[in-house]
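Open the model in your viewer and follow the stops below in order. Each stop names what to select and then says what is there.

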Amino acid sequence: MTRKVLATVETAAPSAVIVAIDGPSGTGKSSTSKAVAEQLGLSYLDTGAQYRAITWWMVHNGIDITDPSAIAAAAGKPEILSGTDPAGPTITVDGTDVAGPIRTQEVTSKVSAVSAVPEVRTRITELQRSIAAGAERGIVVEGRDIGTTVLPDADLKVFLTASPEARAARRSGELKGADVNATREALLKRDAADSGRKTSPLAKADDAVEVDTSDLTLQQVIECVVTLVEEKRAAK
């Protein structure tokens with residue numbers, strides 16, 4: 001009598017990938033990064049939120065934002081925890097949910113100054129690397145110096161760009177009724193501060209894929225990045 005043996009074929013889980021997405025404000029970084037991570041089952045980290053969180057803490061605790069030495073001395077004090085679920089990313093400082101407070105104009109206007117202090121960048125960079133290293137399924141990390149400084153060995157680096165006009169229009173829409181010209185000027189001022197700082201400036205990594213989002217819908221940008229990630233996964 002012959003016996004039939006049924007072989008079970010296990011489908012291998014997709015390779016874990018670390019994806020770095022950089023670019024200036026208003027290019028669609030956050031929306032794209034969250035959507036890509038959710039679609040591909042990856043963790044997600046908004047590094048800008050961490051810099052906003054430490055800025056909020058400095059303001060909340062009366063640290064003189066105009067004094068880099070005062071900022072440096074306090075950089076190690078707050079405990080910052082970032083949730084990495086792309087469907088609902090969270091951020092707390094010393095146990096307080098600051099997801100809302102860190103988006104205020106007061107924090108926005110001060111974050112570049114705080115972020116430029118080397119001790120702050122060292123502290124936050126260590127935190128970011130730790131989170132990325134612990135992401136078992138892989139992670140999408142978005143920011144301004146991820147591909148160049150934080151995760152230079154990332155599997156995929158994407159640099160999103162867009163014209164100042166397109167970025168201002170998007171950001172004004174997000175801010176509900178904000179003046180487009182004033183928003184454009186604020187974005188350009190932020191660009192200059194981020195690109196001109198001595199420590200880890202905003203820059204495109206030499207091996208990053210540049211995607212100009214000026215004339216693309218959000219869905220088109222998401223599809224483009226998903227394709228890039230899937231190609232990288234397949235090659236691993």
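Select Glu 142 and Ser 30: their side chains are joined by a polar contact of 2.7 Å (a pair of N or O atoms within 3.5 Å, one able to donate a hydrogen and the other to accept it; residues adjacent in sequence count only if both atoms are side-chain atoms). This is a predicted model, in which local features need pLDDT of at least 70, side-chain atom pairs count only at pLDDT 80 or more, and totals for chains, interfaces and linings use all residues. Residues are numbered from 1 along each chain as its sequence is written, and side-chain values use heavy atoms, with hydrogens and water left out.

Stay on Glu 142 and show strand β6, residues 138–143, where it is found (strands are DSSP runs of E, at least two residues, and helices runs of H or I, at least four, numbered from the N terminus). Glu 142 is buried (under 20% relative accessible area, with a 1.4 Å probe and protein chains only). It has no salt bridge (a side-chain nitrogen of Lys or Arg within 4 Å of a carboxyl oxygen of Asp or Glu).

Next, select Met 58 and Val 120. In the largest nonpolar core, of 24 residues, these two touch the most other members (such a core is a set of buried Ala, Val, Leu, Ile, Met, Phe, Trp, Tyr and Cys residues joined through side-chain atoms within 4.5 Å). Colour α2 (47–60), which gives the largest share of this core, seven residues. Another core, of 19 residues, lies apart from it; Leu 40 and Val 226 are among them.

Finally, show the whole protein chain: nine helices and eight strands.

Notes: Buried < 20%, exposed > 50% of the residue type's maximum accessible area, 1.4 Å probe, protein only. Lys, Arg positive; Asp, Glu negative; His and termini not counted.
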